[in-house]
Amino acid sequence: MAKIEIKNIRKDFGDFNAVEKSSFTIEDGEFFMLLGPSGCGKTTTLRMIAGLELPTSGEIYLDGEEISQQPPSKRDIAFVFQMFALYPHLNVRKNLSYPLVSQGMPRSQVKAKIEEVSGILGIKDILNRPVGGLSGGDRQRVALGRAIVRDPKAFMMDEPLGALDAEFREHMSEELRALHDRMNATTVYVTHDQLEAMQMGDKIVVMNNAVVEQFGTPQQIYDTPATMFVADFIGSPSMNFLRFEGALENGATRVDLNGQMLAVPKQLQGASGKLVFGVRPEHVSLSENGDYRGKVLTTEYLGTTQIITLDTPNGELKARIDSAQTATVGENVALNFEAPKITLFDETTGLALRSSLNREVLAHG
Amino acid sequence: MSSFSVTEPSARSKWFAGTLVILYALITMVPLAWIMLTGFKSPSDAISYPPKIVFEPTLEGYVNLFTTRTRQTPEFLAANPPEKWYEEIVREYDMVIAGPSKFGERFLNSVIIGFGSTFLSIFLGTLAAYAFSRFKIPLADDLLFFILSTRMMPPIAVAIPIFLMYRQLGLSDTHLGMILLYTGVNISLAVWLLKGFIDEIPLEYEEAALIDGYTRFQAFYKVVLPQAATGIASTAIFCLIFAWNEYAFAVLLTSGTAQTAPPFIPTIIGVGGLDWPAVAAGATIFLLPVMIFTILLRKHLLRGITFGAVRK
C-alpha cells in the first residue's frame, strides 16, 4: 500500500487546459474522493495517476518514487472503469486471472488467488460464466475483483457506481467501503455525487474548472468551505448566500445585514465591497421574535425535517427545520442564525474570508 | 402468454417471412445449381433443347477438365485397352489421355494469389486501421480520403499504366505481382471497414489491459484483435471474393506461370466446340474455396461477441 503525492500537476489537451497546477497528498490507506461537476478535470487527474494520460508538467510520487512519465504497467496501480471494461471475449475466471497472467504468476497460484478473491466478493458461483450475461452488480464485482486480485499499491476508481441503478448503488457503496476497510488499500475515487463523496470518503478534493477548490475531510469541507463553489456544491440543499455590500474590519464579530447586526465568528481579515453571508439551511431557525425577518414562500416536507424557502431582504433562503414546527406560507417570521457556523465570502473572488471558524482549514487548504 | 406481443412475431408472419426467404434463396441458387448439374452432363445433354433436368450423370466434364486428350487410330485403340475408369470415358470418343491439363496449376495459382493478397490486405489493413482509430495522426482525415480515392474509379481504368509498370518492373505474370495488385485494390476497403469495426471497440478495454500490466502491442493483440474478429472475418471474405473472382487484370497481366483459374476456364476447348460440361466442372470446383472459407468464418459473421460487455 502506498502514499501518493501530487505536485503541481497540469494537463493540457491542445489549447484546452484540463487540469491547472494541482497539488494534494493521498495518505497510505486513505479512501480519497475526487469530487466535482463533469468536465472539471477529476477523471483526467485520476487517469494521470494511473498512467493512462501523461501530465504536461508536474510530478506524481508513489511511495516516494516519481512515476508521472511511466507507462501504467510499471506503476502497479489498479483501475476500475465506470463502464467496467470487462474483456468481453473471456469468462469471469479469465477476466480475473488476466492481470496475474501478465505478471507470469504460476497457474496453481493464480487459481488459489482467484478462489480467494471470488470468495471475498461472493462471485464464486459465476466464475465460469461469460461476462456478457451478468447483471450490473455482478459485473461491478468482477471489475473490482480484477482490480484487487493482484494486490496493487493503489486503486483508482472512475465513478464505479455510476452505471448502477440508484437502489443498488447504495448497497454497492457500502460493500465498497467495507472492502476498503478490510483491505486498507489506498483508494482514489472519482465521483460527481457529493453525497457519495461525503458518505464514503476519508478525504475529499473538490475540483472545478480544472482547479482544486478545496482539499480536506468531509467535515472540513462541509463546515468550512473555502470557496463559494464548494459551499454551493456540497450539501443538499446547498449553503445559503445572503448578499450584501459593506465593510468588515479585522477582528469584527458582527456584520451589518440590511441594518441588522448579525453575529459571526471572529474575522481574521478585513474586507469591503460585495460580500456574502453564507449559512447552511440547518443553521437557520425560525421564531416569533427577532429583527431579521423573512416571508415563507414554500415548504417541503421531508419526514423528520422540512425545508422552508423564505424571501429575505438579501435574497432567497432555505431553512431546514424540524417537521413538528409549523410554518405557514405567506407568514412573516424572524430568522436566527447559528453564529459560530457562519462563513463570509468575498463575492468578487469567491473565496471565504478567514475567521476563527475556518482558520486552520484555510491555512493548509 | 398473451396472444399479442410487441417483440415476438405471430406464427403467421413468421411462416410468411420464412416462405419468402426460402423462395428467394431458391431463386438465387438456380444458376448455381445449373452450373453444378451441367458439370455432370454429357456434352450433348448440356446443349440439348429443351434443357434436360433429368439426365444420366457422367464425370466426362471433370475428366476433360483435368486432362488433355488425343485422337488415335482404331489400331492403336485396339492394341491398348483402357485401364482406368477415366480412360474408358474418353475412349467412347476414340481418344486417349495424353496427360494432365493445366487446370490444377491454375487453380493452385488462384489459391496462392487469392489467399496471399487477402492475408496481406488484412494484415496491413488491421494495423493501419488501428493506427487511424487510436493514434493522433497528422492529416489523418486527408490520408483516409487519399486511401479511399483509389476506389473512386474502376481499377481497370488504370490497366494500361499498370501493364506498362509491371512490364518494366518484371512483375508481369508473377505471383508476387498479382498479390501486390490485388492487395493494392483491396487495402483501401480493408482499412475503411476495419477502422469502423475498431472504432466500435471501447478504448477502456485496452486501457484495462494496459493497467493489468500489458504493453500496448499485447493489448492490441490480446484484447483488440479478438474483438475485431467479426470485422476481420467479414473484411477477409470481401477481399478474398474480389481477388478470387478478378478476371480483367488476370487476363491482361498473366498468361502462364501466374495465370489464375478465371482466365483459364474459358480456354477449355472440347471436341468441335466449347466443352460446356468441362467449363461447368471448372466453375464448380472454382466456387468451392470461397464457399468453404465463408462457411468457416460464418460463426464470426453471425456472432456479436462484444454484446453486453460494456453497458451503453
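Analyst: Two strands are taken as paired if DSSP finds at least two bridges between them. The model is predicted, and the description below should be read with that in mind.

Start with strand β16 of chain A, which covers residues 293-301. Six bridges join β16(A) to β17(A), the strand of residues 305-312, and these two run antiparallel. Within this pairing, Thr299(A) stands opposite Ile308(A) of β17(A). β16(A) and β17(A) form a hairpin with three residues between the strands, and Gly303(A) there has a positive phi near 95 degrees.

β16(A) also pairs with β19(A), residues 332-337: three bridges join the two, again in an antiparallel arrangement. Here Arg293(A) is the residue opposite Ala334(A) in β19(A).

Lys7(A) has Glu59(A) in β4(A) as its bridge partner.

How do these strands sit in the whole of chain A? Its secondary structure comes to nine helices and 20 strands. Chain A has 365 residues, and 44% of them count as buried. Among contacts in chain A with a separation of 6 or more, 66% are between residues 24 or more positions apart. Along the principal axes, the C-alpha atoms of chain A fill a box of roughly 75 × 45 × 35 Å.

Some backbone details in the loops also deserve a look. Most residues other than glycine have a negative phi, and most peptide bonds are trans. Asn258(A) has a positive phi near 55 degrees and is not a glycine. Asn258(A) lies in the loop between β12 (254-257) and β13 (260-263) of chain A.

Leu139(B) gives a second case, with a positive phi near 60 degrees in a residue other than glycine. Its loop runs between α6 (103-134) and α7 (140-149) of chain B. With 9 other C-beta atoms within 10 Å, Leu139(B) counts as exposed.

There are also cis peptide bonds to note. One joins Ser236(A) and Pro237(A), with omega about -5 degrees. Pro237(A) is in the loop between α8 (228-233) and β11 (240-248) of chain A. In chain B, a cis peptide bond joins Tyr49(B) to Pro50(B), where omega is about -5 degrees. Pro50(B) is in the loop between α2 (43-46) and α3 (60-66) of chain B.

The last part of the setting is the contact between the chains. It takes 23 residues from chain A and 21 residues from chain B. On the chain B side, α10 (203-211) and α11 (216-245) each supply at least two residues. The largest share of that side, six residues, comes from α10(B). By class, the chain B side has 12 nonpolar, five polar and four charged residues.

These two helices also meet each other. Two packed helices are described by the angle between their axes and the distance between the axes. The axes of α10(B) and α11(B) come within 9 Å and cross at roughly 130 degrees, which makes α10(B) oblique to α11(B). Their crossing is right-handed. On the α10(B) side, Tyr205(B), Glu206(B), Ala209(B) and Leu210(B) take part, and they meet Gln218(B), Ala219(B), Lys222(B), Val223(B) and Val224(B) of α11(B). The residues of this helix contact divide into six nonpolar, one polar and two charged.

Terms used: Residues numbered from 1 in each chain as written. Chains lettered and ligands numbered in written order. Predicted model: local features only at pLDDT ≥ 70, side-chain atom pairs only at ≥ 80, totals over all residues. Contact = placed C-beta atoms within 7 Å. Helix = DSSP H or I, 4+ residues; strand = E, 2+ residues; numbered from the N terminus. Nonpolar A, V, L, I, M, F, W, Y, C, P; charged D, E, K, R; others polar. Axes fitted to C-alpha atoms, helices over the stretch in contact; angles between N-to-C directions. Parallel < 35°, antiparallel > 145°, perpendicular 65-115°, else oblique. Left-handed = near helix turned anticlockwise from the far one by under 90°. Buried ≥ 20, exposed ≤ 12 C-beta atoms within 10 Å, placed from the backbone.
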